[in-house]
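Here's a quick briefing to go with the structure below.

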Amino acid sequence: MGLFKRKKAEIEKQRADKTHEIVCLYCFRNFTHDRVLFRAFEAIDAEGYRADYDHVLDDYRARFHMDTAGILPPFLDPDSFPEAAKGYHRGVLSTLKDDYSNITTRRICPFCHNDIQQSAGYAPSTIISVVGGTQAGKSVYLTALVHTLKTITPRNFPIFCTPISNEMGKKFKLEYEGPLINDGILLDSTQKEKQQEPFIFTFSFADDRKPEISIAFFDMAGEGMVDPAYVDIYAANIRNSSGILFLVDPTQFSSIGGKILLKNGLKDEGFYDEPADVLSGLVEDYIYKQGGGVSQIPTAVVITKSDLLGALRHDGEYISPNSPIFEHFNHQESFNLSAFDDIDIDVDDFISAADPNFRNALKRRFARLGFFAVSALGSKPEGSRVASFAPLRVDEPFLWLLYQLGYIDGHED
């Protein structure tokens with residue numbers, strides 16, 4: 001091997017050692033940094049550079065009943081350009097100079113042609129997924145969580161929450177944050193006749209040595225109404241997760257669900273996914289598709305609608321009257337492990353009493369578990385109206401995942 005070839009091989013090895021696999025935050029496919037495509041800097045009247053519809057991108061958007069992205073500059077494949085046209089930053093392919101000396105920095109996914117985040121390839125992808133059964137309150141919880149992470153949590157931690165795109169941010173405000181928080185209208189369950197695209201928010205830290213975190217929220221459409229390609233995206237999202245928020249509605253435990261509803265004056269809707277069934281599907285269909293074993297993914301098991309449990313606090317059977325479940329707590333500057341132990345033990349005991357088989361299955365399948373209880377609203381709604389919006393402990397499970405992943409420190413009282 002000549003000197004030039006040896007030097008080139010050495011450079012390529014250094015690049016490979018410093019780069020990280022990219023996970024697209026739209027289709028959740030994996031690829032290396034040098035497999036990205038680029039969106040041309042601008043469309044020009046020349047062969048291969050004219051503006052047109054991007055059919056790959058529009059096919060992705062059509063899957064979620066979204067409008068076409070419109071006329072766009074063309075996409076460029078770096079493999080069609082000489083090495084001299086490619087620019088690298090810290091070993092990551094980050095720019096491409098086209099045939100007309102225009103330089104583009106806009107990288108897109110080779111599979112769905114959505115933009116990929118600027119930090120992609122420079123650090124490991126850290127994705128937190130929100131999962132749970134039908135009517136577990138995922139939409140309401142995510143709205144309360146994101147709102148809290150944008151407005152309250154930054155007072156206690158140097159963390160910044162932003163939507164992955166302006167389009168997604170506007171839709172979230174219009175369809176989720178605005179109706180629930182500003183107008184006091186309870187969000188409907190996911191529309192059964194269509195699939196919602198995943199909502200993705202990214203979290204960055206004042207300490208730029210810490211890579212960004214992404215939180216991905218899916219809410220599956222009704223049974224039999226889901227495109228298999230959508231399920232594939234959902235499964236890929238979970239398999240690429242670094243942490244999981246597993247939401248459980250306490251009214252969906254068959255042993256006490258009816259009692260909780262009755263004591264709170266609520267109607268039994270007659271259809272729900274029992275937590276054990278949701279867990280079985282999560283494990284068999286997504287996490288262990290390639291084999292068995294115990295998951296090492298930190299998993300926060302989150303009892304939602306904790307305000308409804310207040311009706312049980314004097315029965316003495318499932319929960320104590322002075323349980324921390326009913327008390328608000330702010331973790332400040334680091335994760336309070338003493339406060340976590342209190343909530344973890346109480347919720348673990350509650351689940352053990354309500355559904356011991358579900359609890360045992362969790363312990364058997366997941367090595368890193370934390371138990372939490374949250375109220376996205378702070379009190380039960382009055383029909384379809386939200387009388388007050390006062391979220392209770394909604395960011396605690398998320399902060400525990402950050403602690404488990406080494407993003408924030410922990411301390412004991």
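Lysine 150 and glutamate 177 join their side chains in a salt bridge, 3.2 Å from N to O. Lysine 150 sits in helix H3 (residues 138-151) and glutamate 177 in helix H4 (residues 166-182), so the pair ties together parts 27 residues apart in sequence. Keep in mind that this is a predicted model: local features need pLDDT of at least 70, side-chain atom pairs count only at pLDDT 80 or more, and totals for chains, interfaces and linings use all residues. Residues are numbered from 1 along each chain as its sequence is written, and side-chain values use heavy atoms, with hydrogens and water left out.

**Salt bridges**

- The count comes to twelve salt bridges, each a side-chain nitrogen of Lys or Arg within 4 Å of a carboxyl oxygen of Asp or Glu.
- Glutamate 177 is buried at 9% relative accessible area, while lysine 150 is partly exposed at 31%; buried means under 20%, exposed over 50%, and partly exposed in between (1.4 Å probe, protein chains only).
- Arginine 359 pairs with aspartate 348, with the closest N and O atoms 2.9 Å apart. That links helix H9 (residues 356-365) to helix H8 (residues 337-354), the two residues being eleven apart.
- Aspartate 348 is buried at 10%, and salt bridges with shared partners join Asp348, Arg359 and Lys363 into one network.

**Strand S15**

- All six residues of S15 (residues 243-248) are buried; strands are DSSP runs of E, at least two residues long, and helices runs of H or I, at least four, numbered from the N terminus.
- Gly243, Leu245 and Leu247 point one way, and Ile244, Phe246 and Val248 the other.
- S15 pairs in parallel with S11 (residues 127-132) over five bridges, where pairing takes at least two DSSP bridges.
- S16 (residues 299-303) also runs parallel to S15, joined by five bridges.

- Asn156, Phe157, Phe329, Asn330, His331, Asp395 and Leu399 line the largest cavity.
- The second largest pocket holds about 850 Å³, a volume being the space filled by probe spheres set on grid points joined across faces, edges and corners.

Terms used
1 Å grid on protein atoms, 1.4 Å probe; cavity = no way out; pocket = protein on both sides within 12 Å on 5 of 7 lines; lining within 4 Å.
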